[in-house]
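Dear colleague,

I am passing on to you the structure we spoke about, with a short account of what was found in it. Please look through the sequence and the coordinates first.

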Amino acid sequence: MRTARNIGYILGLPVLLVLVWWLSTLGSVNFFVPKPADLVETFGEVWFGDRFFSDVLPSLGRLVVGVAVAILIGVVGGVLIGSVRWLRALLEPTLEFFRAIPPPVLVPVLMLLMGITDSMKVMVIISGCVWPVLLNTIEGVRAVDPVLSDSAHTYGISGWARVRYLVLPSASPQIMAGVRQSLSLGLILMVISEMFASSSGLGFTIVQFQRSFAIPEMWSGIVVLGLLGVAMSFIFQWAERNILRWYHGQKEVENAA
Amino acid sequence: MQPDTQPNTEATLSVRGLKKVYQADGGDVEAVRNLTFDLRAGELACLVGPSGSGKTTLLKCISGLMAPTEGEVLLDGKRVTGPPKKMAVVFQEYGRSLFPWMRVRDNVELPLKNQGVPKCERDRLVDDALESVGLSHVPRSYPWQLSGGMQQRVAIARAIAYQPEVLLMDEPFAAVDAQTRADLEDLIRVVWKKLGVTVLFVTHDIDESVYLGERVIILSSSPTVIQEDIQIDLPADRDQLNTRSLPRFTELRHHVYEQIQLAKKGHRPAAASSGEETRLKGQHAG
């Protein structure tokens, strides 16, 4: 009963939106706005075939690698910068400079330096996604409770044990907030990295369709992107619930008090 | 007793001419001026003083979390330069001293695991510690699911499992309600007797210091010296009802209270710089 209601909540608005779309395109002959039924048909034709392997999977692969590397760099760098005071003083102004550069402008630069390769596209994704994770991790590491830190210290928990048992878990709420931002940034950068010069990928395909006036196909590509976003969001929420179970539990208790 | 700063060879914990000055923007602040005292092995001493008398500073210096400006702390004759292995600290802020991402059992176990204590011995120590604080039934809970008093019990269990020679407690019961506090006080007496550990219990509560301690060290107001160091000659078996209604308890409490009041008014002991020990004999006792 409860599951049924939850599913109802999840699907309610999408169903309504499709209904509105269907009604408003009834009898429409607009070339640029396809009807729902046409789009569903096109969607199947375009994406359930060779294209899944030649475009969707490579794009996804680059996205996953890019985001994963960005998270790794962000967390490792963030723990270092957040823990070592002189390192922070040394790096923070420079980090602000690099962070301010919008990653899309790096596409032509990286193209010249690295060629039109997979690594170039992954680099674009990393160069954007690393910042939210890095900066959030620095904040999280700096905000470790002094009493907790003293406790760990008196029990001889130092070095790697301190990072593993104290710093990382303590910063995990901020780290997860950074990861969430990185994921949505990653999807955008994945598309952008494929729009300029590319021969495969979701971004490339969508631009190709648009330029060849394959309008329903273009729309179907956009739908794929949206669905990807939803899937990523669900995976993230599942992961967050597991990693931060203690955090949400603690918050609940504090709010109830 | 000699008012010197030579280490007492019998002492487990020895504080020698300890001074701590904080460097602040508006000039230096002298939190602790000159403190000298010894704790014998297995002693339970309470450190009581007016608020702002540098109790926490002193405890941080003793536990090696903070370096003193002058003087030294010796544990078994060895100078303390960082948190010693034989020492455990229980902080006032129980909610901020346990790892909220670990279950009760894991919290108690972590320091042992970190030291590479073998699994079977670790299990035994953790079980015993949880048993002795009366928390065997909640090993799978998270600390924040427990009441304040129970959280502080977990922190005490963690300290016990660590098997310290010296247990430092920084106003551990200041943030729990009165009834829980009474239970926890009795728990400390029981644990102390059972383990034979040396306990230094810092508190601002006069009743608590007299009820708990075998000895009460009264601090002056800042810059801190020892105002008085008295033996508490109450029976070894104490309970909340009877001990607290003993005439001797009232006398001792009265005396400590008086000293604290004097300390607050800025009165300083004659031998302020030497940390000389004076003892209150049972001169009023019937």
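This is a predicted model: local features need pLDDT of at least 70, side-chain atom pairs count only at pLDDT 80 or more; totals for chains, interfaces and linings use all residues.

The contact between the two chains draws 17 residues from chain A and 22 residues from chain B. On the side of chain A that touches chain B, the elements giving two or more residues are α7 (146–154), α8 (159–195) and α11 (245–256) of chain A, and of these α7(A) gives the most, with six residues. By residue type, that side of chain A divides into nine nonpolar, six polar and two charged residues.

Turning to chain B, its secondary structure consists of eight helices and 10 strands, and its C-alpha trace spans about 55 × 45 × 40 Å along the principal axes. A compact globule of 286 residues would have a radius of gyration near 19 Å, and chain B, with 19 Å, agrees with that expectation. Buried residues make up 45% of the 286 residues in chain B, and, where contacts with a separation of 6 or more are considered, 73% of those in chain B are between residues 24 or more positions apart.

As for chain A, the assignment divides it into domain 1, covering 1–30, and domain 2, covering 35–256; the C-alpha centres of these two domains of chain A lie 30 Å apart.

With best regards

Conventions: Residues are numbered from 1 along each chain as its sequence is written. Chains are lettered from A and ligands numbered from 1 in the order in which they are written. Two residues are in contact if their C-beta atoms, placed from the backbone, lie within 7 Å. Helices (H or I, at least four residues) and strands (E, at least two) are DSSP runs, numbered from the N terminus. Ala, Val, Leu, Ile, Met, Phe, Trp, Tyr, Cys and Pro count as nonpolar, Asp, Glu, Lys and Arg as charged, and the others, Gly among them, as polar. The radius of gyration is taken over C-alpha atoms; the globule rule is 2.2 Å times the number of residues to the power 0.38. A residue is buried if 20 or more other C-beta atoms lie within 10 Å of its own, exposed if 12 or fewer, and partly exposed in between; C-beta atoms are placed from the backbone. Domain bounds come from an automatic or database domain assignment.
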